[in-house]
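Biologist: I have a fold on my screen and I'd like to learn how to read it. Can you walk me through a few features?

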Amino acid sequence: YTILSKVHSDRNVYPSAGVLFVHVLEREYFKGEFPPYPKPGEISNDPITFNTNLMGYPDRPGWLRYIQRTPYSDGVLYGSPTVENVGKPTIIEITAYNRRTFETARHNLIINIMSAEVDFPLPYQAEFFIRNMNVEEMLASEVLGDFLGAVKNVWQPERLNAINITSALDRGGRVPLPINDMKEGVYVMVGADVPFSSCLREVENPQNQLRCSQEMEPVITCDKKFRTQFHIDWCKISLVDNTKQVSTFQEVIRGEGILPDGGEYKPPSDTLKSRDYYSDFLITLAVPSAIALVLFLILAYIMCCRREGVEKRNMQTPDIQLVHHSAIQKSTKELRDMSKNREIAWPLSTLPVFHPVTGEMVPPLHPDSYDNTSMPLMQTQQ
């Protein structure tokens, strides 16, 4: 295959710091750059995937995430830029891959982060966990708008912004089972300029805290305003009041992912002196080998040169013990010789005879060892 690469014109976007940024990578935008199907008039539906990275780096900035569920769905870039990135253009390289023709198309997305019109961050922030949504579903403008409308209805703020959206998988959640159309869940953080409403404060009362500790659903009066479209886990809601928090630690300043300059690499000099490894050889090989050889010679001397012999043994053994030993050996040899003669014919006295009164044949004296096939019967018995 011949892999081609086409470059689109740059696209500029202007998100605000502290406000959720969403940019959709539409497959229709790139289809025109790839060749059509071989058959004329056929609608092209090639599988297309995207790769996004910060220009000059292999990955995206820390605040920017990317998701594409399947090669036949659009990709989405989303995140919440920080104040540190205000005024610094962020160039994201977007490369589209056609999985049928192996062609690529590329263009740059220039993110110009603007300062927020209101004070950042908003002092009152609430994070909701929505169980029946995936992150790409929540990023849709109409769905996110419906959720912000429900939150505004129960909170009644003057200014309300979506600050960040995070998938439950990025928080350590598990992939749901593919049954009953289960969703992975998504965390949505919103900020407002007024204190939390009494409905949101109901999560903090002791009765609901006890129900949450027992893995029971808490009783929230405003839950019905979300239940029609969003199933919120009220036990996982987080309410943060920045007006009462006093920072006790120094805020960590995130860098740009560039290591500090350590100077130019200096290889070792070519004028190094050669090292003599002869002493190392003697210590590691020669010494253990010599010790092993000495031990082998000692063992060989003990096993071969220190044998006393049969004559010396007999001289140091009492005569009566030698006689007993000789008698035992002689008796053992005689028993072995007798065991070899078990196959000879039995004497005639052990052959079957007739009973003198009844005339019946009487078995031999050794019925267990008698073999009537190898011994002839007496033909002249009366």
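This is a predicted model: local features need pLDDT of at least 70, side-chain atom pairs count only at pLDDT 80 or more; totals for chains, interfaces and linings use all residues.

Biologist: How many bridges join β3 to strand β6?

Modeller: Five, and the two strands run antiparallel. β3 covers residues 21-25, β6 residues 75-79.

Biologist: Which side chains of β3 point to one face and are buried?

Modeller: F21, H23 and L25.

Biologist: Next, E127. Is E127 buried or exposed?

Modeller: Buried means under 20% relative accessible area. E127 has 11% relative accessibility, so E127 counts as buried. You'll find E127 in strand β9, residues 124-130.

Biologist: What does the side chain of E127 make a polar contact with?

Modeller: The side chain of R171, at 2.5 Å. Leaving out residues up to four places away in sequence, E127 also touches others, including Y187, V188 and K236. And the C-alpha atoms of E127 and V190 are separated by 6.3 Å, though these residues are 63 apart along the chain.

Biologist: What about the surface? Which residues make the nonpolar patch?

Modeller: V287, I291, V294, L295, I298, L299, Y301, I302 and M303 make a nonpolar surface patch of about 890 Å². Take I302, which lies in helix α7, residues 278-305.

Biologist: And how does I302 count for accessibility?

Modeller: Partly exposed, because its relative accessibility is 49% and exposed means over 50%.

Definitions and conventions. Residues are numbered from 1 along each chain as its sequence is written. Side-chain values use heavy atoms; hydrogens and water are left out. Helices (H or I, at least four residues) and strands (E, at least two) are DSSP runs, numbered from the N terminus. Buried means under 20% relative accessible area, exposed over 50%, partly exposed in between (1.4 Å probe, protein chains only). Contact means heavy atoms within 4.5 Å. A polar contact is a pair of N or O atoms within 3.5 Å; within protein, one must be able to donate a hydrogen and the other to accept it, and residues adjacent in sequence count only if both atoms are side-chain atoms. Patches are made of residues with over 30% relative accessible area and no salt bridge: like charges are joined within 9 Å, nonpolar side chains (Val, Leu, Ile, Met, Phe, Trp, Tyr) within 5 Å. Accessible areas come from the Shrake-Rupley method with a 1.4 Å probe; for residues, only the protein chains shown count as cover. A salt bridge is a side-chain nitrogen of Lys or Arg within 4 Å of a carboxyl oxygen of Asp or Glu. Two strands pair if DSSP finds at least two bridges between them.
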